[in-house]
Amino acid sequence: MAEEIKKNTIKYHPRRLTDSTADLEGTAALEKLCFHQPWSASSLELLTKDGIGVGYLCEQNGDIVAYGGMLIAVDEGQITNIAVHPNRRGQGLGLAIVQALIKHAKAARLATITLEVRVSNTPAISLYRKVGFAEVGRRKGFYTKPTEDALIMELKLK
Ligand SMILES: CC(C)(COP(=O)(O)OP(=O)(O)OC[C@H]1O[C@@H](n2cnc3c(N)ncnc32)[C@H](O)[C@@H]1OP(=O)(O)O)[C@@H](O)C(=O)NCCC(=O)NCCS
C-alpha cells in the first residue's frame, strides 16, 4: 500500500490553490460538476487564507481536474471536500490530493484531521481508509438532497 501511495504522489504534483480568479473559478466549476451544493468561488477563497484554510489542486492541459480543501482551527484540520473530474477518476488523483493535505497538516504540526462523508460514498470512504482515517462517529440526517447520515472520520497525526 505504501508503494502505491508513493507511486501516485510522484506521478502527480498537486499545487496550492491561490486566490487568482482562474484558480477560484476553475475550482468552482469542478465543484459544480461534482456536488449538488457546490462551493462558490468566493467561499473557496477561504481556502487561500493563511491560518484559515488551504487547498491543493491538479491541472491537466490547463484545466483543474482535482482539488481538495481543508479548514484549520488551532491544531485541527477539517477536510471540506475532495473532488476529481468525473472523466479523471480512478487514476490516483484523489489519492495525490489527500496525500498533499496530510503532508501540509504534518508540516503545520496539526494533531488531527477530521471529515464528514456520506455513508453511501464508498469510493471516498475507501480512499480515506486507505490513507489511515478511521470512523469515529456518525451524524444522523446530516446531508440533504438526499437526506443521509454522515460518517465522521479522523486521522490522528500525533
Ligand atoms: C472520491 C474521489 C475523490 C476519489 O478520487 P479518485 O481520483 O477517483 O481516486 P483514486 O484513483 O486516487 O483512488 C484512490 C483510492 O480511492 C478508493 N476508490 C477510488 N474510486 C473507487 C471506487 N469507484 N470504488 C471503491 N473505491 C474507490 C480506492 O481505495 C482507491 O485505491 P485503490 O486504487 O488502491 O483501490 C472521486 O471519486 C470523486 O471526486 N468523487 C465525487 C466527489 C466526492 O464524493 N468527494 C468526496 C466528498 S467527502
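Q: How do strands β6 and β7 pair, and over how many bridges?
A: In this predicted model, β6 (residues 134-143) and β7 (residues 148-156) run antiparallel, with six bridges between them.

Q: Which residue stands opposite Ala-134?
A: Glu-154, in β7.

Q: And what sits between the strands of that hairpin?
A: Four residues separate β6 from β7. Lys-145 has a positive phi there, near 50°.

Q: Switching to the ligand. Where does the ligand sit?
A: In the largest pocket.

Q: Which residues come nearest?
A: There are 21 residues around the ligand, and the nearest are Ile-82, Gly-90, Asn-121, Ser-126 and Lys-130.

Q: Which one gives the most?
A: α5, with six residues.

Q: How do the shell residues divide into nonpolar, polar and charged?
A: Eleven are nonpolar, six are polar and four are charged.

Q: Back to Lys-130. How far is a polar side-chain atom of Lys-130 from a ligand oxygen?
A: 2.6 Å.

Q: What about Asn-121?
A: An N or O atom of the Asn-121 side chain is 2.7 Å from an oxygen atom of the ligand.

Q: And which part of Gln-91 lies 3.2 Å from a ligand oxygen, backbone or side chain?
A: The backbone: the atom at that distance is a backbone N or O of Gln-91.

Q: How much of the ligand does the protein cover?
A: On its own the ligand has 920 Å² of accessible area, and the protein covers 73% of that.

Methods. Residues numbered from 1 in each chain as written. Predicted model: local features only at pLDDT ≥ 70, side-chain atom pairs only at ≥ 80, totals over all residues. Heavy atoms only, no water. Near = heavy atom within 4 Å. Polar contact = N/O pair within 3.5 Å; in protein donor to acceptor, adjacent residues only side chain to side chain. Areas by Shrake-Rupley, 256 points an atom, 1.4 Å probe, with all protein chains shown as cover. 1 Å grid on protein atoms, 1.4 Å probe; cavity = no way out; pocket = protein on both sides within 12 Å on 5 of 7 lines; lining within 4 Å. Sits in = over half its atoms within 2 Å of the grid points. Helix = DSSP H or I, 4+ residues; strand = E, 2+ residues; numbered from the N terminus. Nonpolar A, V, L, I, M, F, W, Y, C, P; charged D, E, K, R; others polar. Pairing = 2+ DSSP bridges.
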